[in-house]
Amino acid sequence: QVQLEESGGGLVQAGGSLRLSCAASGRTFGRNAMGWFRQAPGKDREFVAAINWSATNTIYDDSVKGRATISRDNAKNTVSLQINNLKPEDTAVYYCAASIREDGSRWYFFSSSNYAYWGPGTQVTVSI
């Protein structure tokens, strides 16, 4: 079993920045690709960014491309998501997720069904 725990959410003004972190644990956690998703009130969960196990492949949704950076530290079993120039439409609960694969295509990472493990989420609220 893999456990994921997000941190770093909060209230921030538009134009500001946040760094979300995800700590992974569990004896079955290993060479997993990782992703970030978000869900705004009344909307479906949507893909934000993903990174393969070796950190050689990163993928972003167009809504955050150029503003977000996903990274990982495999020695510490952590994954981070930095988002700059935050906008009110970035307001959502952000979820960290672990895939059972080391890598995949862009479309593989976009689908939430390809992630086996999820954290409880962290709220990000961007005020005008």
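A: Let's start with the whole chain and then zoom in. Its accessible surface comes to about 6400 Å², and 48% of that belongs to carbon and sulfur atoms; such areas come from the Shrake-Rupley method with a 1.4 Å probe, and for residues only the protein chains shown count as cover. This is a predicted model, where local features need pLDDT of at least 70 and side-chain atom pairs count only at pLDDT 80 or more, while totals for chains, interfaces and linings use all residues. Residues are numbered from 1 along each chain as its sequence is written, and side-chain values use heavy atoms, leaving out hydrogens and water.

The chain holds 1 helix and 11 strands (DSSP runs numbered from the N terminus: H or I of at least four residues for helices, E of at least two for strands). Of its 128 residues, 42% are buried, meaning under 20% relative accessible area with a 1.4 Å probe, counting protein chains only.

Now for strand β3, which covers residues 18–25. In a regular strand, side chains alternate between the two faces of the sheet. The covered face of β3 has Leu18, Leu20, Cys22 and Ala24, while Arg19, Ser21, Ala23 and Ser25 form the uncovered one.

What are the partners of β3? Strand β1 (residues 3–7) pairs with β3 in the antiparallel sense over 5 bridges; pairing requires at least two bridges found by DSSP. Here glutamate 6 stands opposite cysteine 22 of β3. Strand β8 (residues 78–83) also runs antiparallel to β3, joined by 6 bridges, and glutamine 82 in β8 is the bridge partner of arginine 19.

Key: Buried < 20%, exposed > 50% of the residue type's maximum accessible area, 1.4 Å probe, protein only.
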